[in-house]
Amino acid sequence: LEQSRLRIEELKQLLNKYNHQYYVLDEPTVPDVEYDRLMQALISIEEANPELKTIDSPSQKVGGQALKAFSQVRHQLPMLSLDNVFDLADFQAFVKRIKDRLATNDKIRFCAEPKLDGLAVSLRYEDGVLVQAATRGDGSVGENITENIRTIKSIPLKLIGELGKDFPHVVEVRGEVFMPKASFDSLNEQAKKRGEKVFANPRNAAAGSLRQLDSKITAKRNLAFYAYSLGFVGEYNSDTEQASDLIQSFFSNSHYQRLCQIKALGLPMCPEVRLLESEHDCEAFYQDILQKRDSLSYEIDGTVLKVDDIAQQAILGFVARAPRWATAYKFPAQEELTL
Ligand SMILES: Cc1ccc(Cn2cc(C(N)=O)ccc2=O)c(C)c1
């Protein structure tokens with residue numbers, strides 16, 4: 001049994017590494033057949049020794065037992081929504097409100113990213129292992145979709161790095177689950193052939209795929225994920241308050257640098273994310289993303305511009321459920337697809 005346990009450990013580490021190389025870094029170092037051989041070996045040892053199967057095993061990527069229903073999860077930190085702006089004048093008013101409240105006339109650094117048209121989820125890693133994933137829900141309570149999230153190939157089941165050195169006991173990562181355009185097109189083509197439900201757009205297809213009680217179905221939907229912020233970070237026993245000194249001992253005071261750290265932990269990050277040195281660079285970013293919109297492999301409905309400095313974010317706080325320090329700068333609606 002000890003031999004099998006060691007062999008399983010070795011296979012898990014190899015396969016989790018290869019998954020990261022293939023799905024997150026896009027730099028595989030072994031051929032697919034080699035990956036497949038190792039995966040088959042892992043699955044057969046786990047079948048022979050079910051008591052050795054663990055929740056961070058890459059064999060989870062194919063899905064598990066179907067659920068009867070989803071349980072609910074209360075977010076330790078609420079998942080908030082974003083206010084919108086639709087034109088440059090609105091965006092400039094947003095910046096002015098920020099400057100007035102910060103009582104500064106200094107340039108404001110922004111973390112800029114495309115606004116992915118998918119579903120917001122929160123991933124909870126304890127001791128570096130993915131233990132829970134939840135939808136946004138109403139911002140305070142969401143659905144527990146852990147089994148479905150585990151099947152998303154670019155989401156690591158285990159963080160890269162060392163507990164206590166690179167990450168604390170509890171790290172939540174928030175981001176968007178989405179269905180790439182190519183996956184959406186082939187899913188609908190297949191659905192048409194089989195007389196099954198056709199989805200109106202990739203966002204609905206992603207939502208429908210995450211709401212499957214049978215994670216084996218989710219596993220076949222080729223969903224993807226990009227992280228866009230931290231959620232709760234701390235120790236198990238701490239109450240809902242953020243221990244900001246603890247966060248600062250692990251993560252940067254720049255939102256953009258935090259995203260880079262999250263990427264180093266193994267989570268995918270949108271390649272279009274930029275650190276902008278001033279509010280005057282935001283319009284150019286918005287126009288740049290707008291002109292490359294059709295060439296992106298995923299659907300977006302605008303950009304998200306966040307004050308980059310964490311201390312400034314804390315001063316600006318939130319209004320009702322939306323932060324004063326961020327806005328979604330949206331694109332004009334695209335003509336609806338006629339199916
Ligand atoms: C048979 C087979 C096995 C694996 C894959 C894709 N793939 C490859 C790797 C790899 N090369 O590091 C890692 C994970 C993974 O999912 C395909 C397309 C087909």
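Two strands count as paired if DSSP finds at least two bridges between them. Strands (E, at least two residues) and helices (H or I, at least four) are DSSP runs, numbered from the N terminus. The model is predicted: local features need pLDDT of at least 70 and side-chain atom pairs count only at pLDDT 80 or more, while totals for chains, interfaces and linings use all residues. Residues are numbered from 1 along each chain as its sequence is written, and side-chain values use heavy atoms, with hydrogens and water left out.

**The mixed sheet**

Strand β3 (residues 110-116) pairs with strand β10 (residues 300-307) in the antiparallel sense, over 6 bridges. Within this pair, Cys 111 has Lys 306 in β10 as its bridge partner. Both strands belong to an open sheet of 5 strands with mixed pairing, in the order β2-β13-β10-β3-β9. At its edges are β2 (84-85) and β9 (274-276), each pairing on one side only.

**The antiparallel sheet**

A further open sheet has 4 strands in the order β5-β4-β7-β8, and its pairing is antiparallel. Its edge strands, β5 (129-135) and β8 (224-234), each have a single partner strand, so one side of each is left without a neighbour in the sheet. From one strand to the next the twist averages 25 degrees. Strand β7 (residues 170-178) runs antiparallel to β8 and is joined to it by 8 bridges. In this pairing, Val 177 stands opposite Phe 225 in β8.

**Helices on the sheets**

Contact here means heavy atoms within 4.5 Å. Axes are lines fitted to C-alpha atoms, for helices over the stretch in contact, and angles run from 0 to 180 degrees between N-to-C directions. Helix α3 (residues 88-102) lies across β2, β3, β10 and β13 (326-330), running at about 175 degrees to β13.

**The ligand**

The surrounding residues are Tyr 18, Asn 19, Tyr 22, Tyr 23, Pro 28, Val 30, Pro 31, Asp 32, Tyr 35 and Asp 36. They divide into 7 nonpolar, 1 polar and 2 charged; Tyr, Val and Pro count as nonpolar, and Asp as charged. Helix α1 (2-24) and helix α2 (32-48) each give two or more residues to the shell, and α1 gives the most, with 4 residues.

The table lists polar contacts, that is, pairs of N or O atoms within 3.5 Å.

| Residue | Protein atom | Ligand atom | Distance |
|---|---|---|---|
| Tyr 23 | side-chain N or O | oxygen | 2.6 Å |
| Val 30 | polar backbone atom | nitrogen | 2.8 Å |
| Asp 32 | polar side-chain atom | nitrogen | 2.9 Å |

Taken alone, the ligand exposes 450 Å², and the protein buries 75% of that. These accessible areas come from the Shrake-Rupley method with a 1.4 Å probe.

Notes: Near = heavy atom within 4 Å. Polar contact = N/O pair within 3.5 Å; in protein donor to acceptor, adjacent residues only side chain to side chain.
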